[in-house]
Amino acid sequence: MSARDIIIRPIITEKSMRQNSEDNKITFEVAKGANKTAVAQAVQEIYGIKPESVNVVNVRPKTKRMGRYVGKTNAVRKAIVKLPEGQDISLFDEN
């Protein structure tokens, strides 16, 4: 499995942006079978930064309703990556 297969996309929410500015943490959606060491190696390979720590969270699907129709959101595996001081990953193009 390559590094691009492990890290699917960054998760950009109010909470993740607050963690990024306050604690220098970035949140990624990762593959279902990815563990902490695989995520750390993928971040180092893609961005060239060795993370200080990696936490992995399984987010369960939530039940949602639209009128009489009931469905569920997708289950997601998230990785919260803490970067060393002074290091930064730009999630937005600065053009």
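**Labels and their criteria**

Author: Among contacts in the protein between residues at least 6 apart in sequence, 60% join residues at least 24 apart, where contact means heavy atoms within 4.5 Å. This is a predicted model, in which local features need pLDDT of at least 70 and side-chain atom pairs count only at pLDDT 80 or more, while totals for chains, interfaces and linings use all residues. Residues are numbered from 1 along each chain as its sequence is written, and side-chain values use heavy atoms, with hydrogens and water left out.

Reader: What pattern does the protein follow along the sequence, and how many helices and strands are there?

Author: The protein has 3 helices and 6 strands, arranged along the sequence as α-β-α-β-α-β-β-β-β. Both kinds of element are DSSP runs numbered from the N terminus, helices being H or I with at least four residues and strands being E with at least two.

Reader: Why is glutamine 19 called buried?

Author: Buried means under 20% relative accessible area, exposed over 50%, and partly exposed in between, with a 1.4 Å probe and protein chains only. Glutamine 19 has 17% relative accessibility and therefore counts as buried. This residue is found in helix α2, and, not counting residues up to four places away in sequence, glutamine 19 touches Asn24, Lys25, Thr27 and Ile80. Of the 95 residues of the protein, 29% count as buried.

Reader: What makes a set of residues a nonpolar core, and which residues have the most contacts inside the largest one?

Author: The members must be buried Ala, Val, Leu, Ile, Met, Phe, Trp, Tyr and Cys residues joined through side-chain atoms within 4.5 Å. The largest such core has 18 residues, and those with the most contacts inside it are Ile6, Phe28, Val39 and Val81. At least two residues of this core come from each of α1 (3-6), β2, α3 (36-47) and β6, and α3 gives the most, with 4 residues. Leaving aside neighbours within four places in sequence, isoleucine 6 is in contact with residues including Met1, Ala34, Val39 and Ala42.

Reader: Why is an open space called a pocket rather than a cavity, and how much space lies in the largest pocket?

Author: On a 1 Å grid over the protein atoms alone, a cavity is a set of points where a 1.4 Å probe fits but cannot get out, whereas a pocket is an open set with protein on both sides within 12 Å along at least five of seven lines; lining residues have an atom within 4 Å of a point. The largest pocket holds about 370 Å³ of space, a volume being the space filled by probe spheres set on the points, which are joined across faces, edges and corners. Of its 17 lining residues, the closest to the centre are Ile11, Thr13, Val59, Val76 and Lys78.
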